[in-house]
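Hi,

Here is the structure I said I would pass on.

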Amino acid sequence: MKKVFRKIHLWLSVPFGLLITLICFSGAMLVFETEVMEFCRRDLYYVEKVGPAPLPMGKVAEKVAATLPDSVSVTGVTASSAPEHAWQVNLSKPRRASVYVDQYTGEIKGKYERAPFFMTMFRLHRWLLDSMKPDGGIFWGKMIVGTATLMFVFVLISGIVIWWPRTKKALKNSLKIVAGKGWRRFCYDLHVAGGMYTLVLLLVMALTGLTWSFSWYRTGFYKVFGVETTQGGGGHGAPAQTAAHSPFTNWQKVYEELKELNPDYKQITVSKGSATVSFNRLGNQRATDRYTFNPRSGEITGATLYEDADASGKIRGWIFSVHVGSWGGLTTRILSFLAALVGASLPLTGYYLWIRRLVRKGSRKANMQLKKVA
């Protein structure tokens, strides 16, 4: 039985190993993107001095709107519970565009732009630097990443079958990584013990990551949880509205009311007729309570709490949170980062051991032939 799994493990690892390394490494690089960017660009993400009180949210939106061309508009303002964190003002275009503003002075600190390094890592992780074809042609990068990830699942499962020890003593020994007995022993221990230590996390990341690659897999994944997949955003977009004398009238009123209702909030985003509140809690990091309000009066007219939200939205958020390791806070993010790095090393150590074995086998065969000739 193990012979069959050895062949499966080898002949899936050889063609897909380097792809798996790239996918795992680029994924690891994205785990702490926010922290790295905030550390490197404190001038953008943080205010210079915390004032006694921020400007009204509508006033902040108006200051940004006054600097925009006619084709671009302010779509919302996101306020953090941390008083030193600059407010983010979201724009209508391009997609996901925003600027950061000092909420105490109204100064526009700068435009949000994803760093080239992290953009490259993201595109490498998702699409191998490929891009969607305008004519609707085959998205090869996305397909190759999905296929390599699926093969990684079988490689991990076959690997645990091959190397799972039969006794507790053997298990204890197989979980040790020895660094002082040569490069081959170190690579072997890292390959076997590293794979055992990270098996569960790597499987979870692979199985959740596949939902972004294949629609058939996503449909099946959702059905496991008794949920049908739906197209579009599920009706959570901002409702159409008639403008008051200013499109930002009463945003401050809504913001203050939501702050009072949710004292443990992480962020509050107010936009045209709708608002969302997120929290500093473990679990689904995309969990939000959603509200609608009358733009003319600022009266909150509806609320959809996360606990009452539709199951498909919850599962989408959970898939993301589990995939990136954020569901358990800093601890699970560190574990996911380390697991992804180990996952990137597994094909490389595997290649080394395989090539070394081929070389030794070739040397033995050559020596045998020389003996026969002699």
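Let me start with a pair of helices: α1 passes α12 in a left-handed crossing. Bear in mind throughout that this is a predicted model. To find the two helices, look for residues 2-30 for α1 and residues 330-373 for α12. Their axes come within 8 Å and cross at roughly 150 degrees.

Who makes the contact? On the α1 side the residues include Leu 10, Val 14, Gly 17, Phe 25 and Met 29. From α12 come, among others, Phe 337, Leu 341, Pro 347, Tyr 351 and Trp 354. Sorted by class, the contact has 16 nonpolar residues, four polar ones and no charged ones.

Next, the sheet. Eight strands form an open sheet with antiparallel pairing, and the order across it is β4-β3-β2-β1-β5-β6-β7-β8. At the edges sit β4 (108-111) and β8 (300-304), each of which pairs on one side only. From one strand to the next the twist averages 20 degrees.

Both ends of the sheet are worth a click:

- β3 and β4 pair over three antiparallel bridges, with Val 101 standing opposite Ile 108 in β4. The two strands form a hairpin with six residues between them, and Gly 106 in the turn has a positive phi of about 85 degrees.
- β7 (residues 288-293) pairs with β8 over four bridges, again in the antiparallel sense. Here Phe 293 stands opposite Ile 300 in β8.

Two helices go with the sheet as well. Helix α4 (residues 57-65) lies across β1, β2, β3, β4 and β5, and runs at about 130 degrees to β1. Helix α10 (residues 251-261) packs on the sheet too, touching β1, β2, β5, β6, β7 and β8. The direction of α10 makes about 155 degrees with that of β5.

Last, the aromatics. How many aromatic pairs does a search of the whole structure find? There are 13. One of them is tilted: the rings of Trp 127 and Phe 139 have their centres 5.9 Å apart and their planes at 35 degrees. Trp 127 lies in helix α5 (residues 116-127) and Phe 139 in the loop between α5 and α6, so the pair ties together parts that are twelve residues apart in sequence.

Happy browsing!

Terms used:
Residues are numbered from 1 along each chain as its sequence is written. This is a predicted model: local features need pLDDT of at least 70, side-chain atom pairs count only at pLDDT 80 or more; totals for chains, interfaces and linings use all residues. Side-chain values use heavy atoms; hydrogens and water are left out. Two strands pair if DSSP finds at least two bridges between them. Axes are lines fitted to C-alpha atoms, for helices over the stretch in contact, and angles run from 0 to 180 degrees between N-to-C directions. Contact means heavy atoms within 4.5 Å. A crossing is left-handed if the near helix is turned anticlockwise from the far one by less than a right angle, and right-handed if clockwise. Ala, Val, Leu, Ile, Met, Phe, Trp, Tyr, Cys and Pro count as nonpolar, Asp, Glu, Lys and Arg as charged, and the others, Gly among them, as polar. Rings of Phe, Tyr and Trp (its six-membered ring) pair if their centres lie within 6.5 Å; planes under 30 degrees apart count as stacked, over 60 as edge-to-face and the rest as tilted.
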